[in-house]
Structure formats: structure tokens, C-alpha cells
Amino acid sequence: MSAADHETNNPTSTPLSTKSKVLETGALLAQNFAPVNAICAHLNAFHVYTSDPHRCVEANHYCSHISEDVRQCLIYDTPQPNARLIGVEYMISSKLFATLDTAERKLWHSHVFEVKSGMLIMPGPAGVPTAGWELAETKEMEQVIGLYGKTYHFWQVDRGDKLPLGGPELMGSFTSKEQLPEGLLAERDARYGISSEQKKEKRGYIEEPEVQTDADQAWKK
């Protein structure tokens, strides 16, 4: 379900005061936000609940690199300034994934279908030529396709929660076209002005790595 179907802010909560806004501005000017400033990519896709893979939610990933083998992403429901932080995702290389024990590997999901189907996108900034940005996006996909992700969501916005209620939910990814809810990509594509099918074609040359057996347990129950 699209994050656009839900209000980002609880209409019954108290609006941000002028005092709070002033304090935010002061902090922004004076403090060091190095970890956040290290974010270098915005990726958009969908996550499924491993407890119920028929439920899915749009996920805006804001990612930084710890090393060539490890990335970490903050997950928001929208790309807007007042977006809700709904989860986190860690991405690791297949080399590191192979070092994990069986129980741990079952918590991770692949990105192969997300990349090859055109579902996973890197939204382009306004004013940047589309052709040039799509080239950069496709090069990013060459890297992401071989990564494994471990994702937990804390805020179930798809059911309309106004606060992050309950325990964390382990999330996974779609692994085949048959799993997709009807119209899911079309609605997202329309909002971003892109075509998943065209991206699928452009990524046709990207080699498809073998997905390790223990990954993607959401679809193996």
C-alpha cells in the first residue's frame, strides 16, 4: 500500500511551536550532523511483512556506506520533510552474507527481483537531465543487485497507526512478479513520473546473481 494513502502527521497532535522551530534552526546552524550528512543515496521500493507477505508498504531508503561491504539506510514513509521514520535496513555483500550462520541468514532478503523488475528506483532530483540520471541509477543498481538486506520496521503506517505501536516487524522483499498487488507499481510510477518497465529494459544487461537458499524466507513458509 502506498505511503501516500496515509497522513504523515497525526491531525490530533500539537503542531510544532515557533519555539521548537527556532531551536531546530539554531541546532541546524551549530551542530554537527556528520552521520546524516553521510547519506549518499535515496532509493524507493516496497517492503513486505515476513509475518504476512500479503501486506506491503512503500519504503524510501536514505543510505550511507560504512564500507564497500556494508550500507545502512533510514527508512521513511515518504520523501517529504515531515516524513515518518518507519524503519532501518542494513545491506551487506554476498561475501559477508556467506559468513553468517543459517538462522541469521534467514533474516535477510535479496534485491535481485527489485532491481531486474525496475521496482527499485533512485528518484532523480529536479533539474537533472533524465538520461544522465538514469545512467547513474543503473550503475547503482549494478551494485545493489548483489546485496542482501536485513530490515525492521517500527511504525506500521500501512494500517494507519498514528504512532510506532507494538514490537518491530521483520520485513522482506518481493521476489517475483506474481507476488505484486495489482496496480502497485503503476501508482508509484505515476507519482514519480517514471516507468518501471523501461527501467527493466535498461537493466537487462545486469548479470543476475544466484540468490542464496536461506534468504527471502517470507516466501518460503
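# A guided reading of the predicted chain

The secondary structure of the chain comes to eight helices and seven strands; helices (H or I, at least four residues) and strands (E, at least two) are DSSP runs, numbered from the N terminus. This is a predicted model, in which local features need pLDDT of at least 70, side-chain atom pairs count only at pLDDT 80 or more, and totals for chains, interfaces and linings use all residues. Residues are numbered from 1 along each chain as its sequence is written, and side-chain values use heavy atoms, with hydrogens and water left out.

The predictor's confidence in each residue is given as pLDDT, on a scale from 0 to 100. The chain averages a pLDDT of 90, and 86% of the residues score at least 70. Over residues 1-9, however, the pLDDT is below 50. Beyond near neighbours in sequence, this stretch has 25 contacts in the model, a contact being heavy atoms within 4.5 Å. Where pLDDT is low, the predicted coordinates should not be read in detail.

The overall figures come next. Of the 221 residues of the chain, 43% count as buried; buried means under 20% relative accessible area, exposed over 50%, and partly exposed in between (1.4 Å probe, protein chains only). The accessible surface of the chain comes to about 12100 Å², of which 56% belongs to carbon and sulfur atoms. Such areas come from the Shrake-Rupley method with a 1.4 Å probe, and for residues only the protein chains shown count as cover. Among contacts between residues at least 6 apart in sequence, 65% join residues at least 24 apart.

The helices may be taken up with α6, which covers residues 130-144. At 1.5 Å a residue, its 15 residues should span 21 Å, and its end C-alpha atoms are 20 Å apart, which agrees; the expected span is 1.5 Å times one less than the number of residues. Within α6, the residues E134, E137, T138, E140, M141 and V144 are buried. Seen down the axis of α6, these buried residues fall within an arc of 160 degrees, so they line one face of the helix. The arc is that of the directions from the helix axis to the C-beta atoms. An α-helix has 3.6 residues a turn, so residues three or four places apart point the same way. The buried residues of α6 pack against β1, β3, α5 (112-116) and α8, while the face turned away from the buried side carries the exposed residues A131 and L135.

Helix α7 (residues 184-192) has L184, L185, R188 and D189 as its buried residues. Viewed down the axis of α7, they fall within an arc of 115 degrees, so they too line one face of their helix. These buried residues pack against β1 (41-49), β2 and α8. On the other side of α7, A186 and A190 are exposed. Just after the helix, G193 takes a positive phi of about 65 degrees.

A disulfide is a covalent bond between the sulfur atoms of two cysteines; here the criterion is a pair of cysteine sulfur atoms within 2.5 Å. By this rule the count comes to one disulfide, which joins C63 to C73 with an S to S distance of 2.1 Å. C63 lies in strand β2 (residues 52-65) and C73 in strand β3 (residues 70-76), so the pair ties together parts that are ten residues apart in sequence. The torsion about the S-S bond is about 105 degrees, so the disulfide is right-handed. Both C63 and C73 are buried. C40 is in no disulfide, and the nearest cysteine sulfur, that of C63, is 7.5 Å away. C40 counts as exposed at 53% relative accessibility, whereas C56 is buried, with a relative accessible area of 5%.

Strand β3 also holds L74, which counts as partly exposed at 28% relative accessibility. Leaving aside neighbours within four places in sequence, L74 is in contact with I39, N60, H61, Y62, L85, G87 and V88. L74 and S64 are ten residues apart in sequence and 9.0 Å apart in space, C-alpha to C-alpha.

The segment after α8 supplies the last two residues of this account. E208 lies in that segment and is exposed, with a relative accessible area of 53%. Not counting residues up to four places away in sequence, E208 touches V112, K116 and I145. The C-alpha atoms of E208 and G146, 62 residues apart along the chain, are separated by 8.2 Å. D216 lies in the segment after α8 (196-202) and is buried, with a relative accessible area of 9%. Phi of D216 is near 60 degrees, a positive value in a residue other than glycine.
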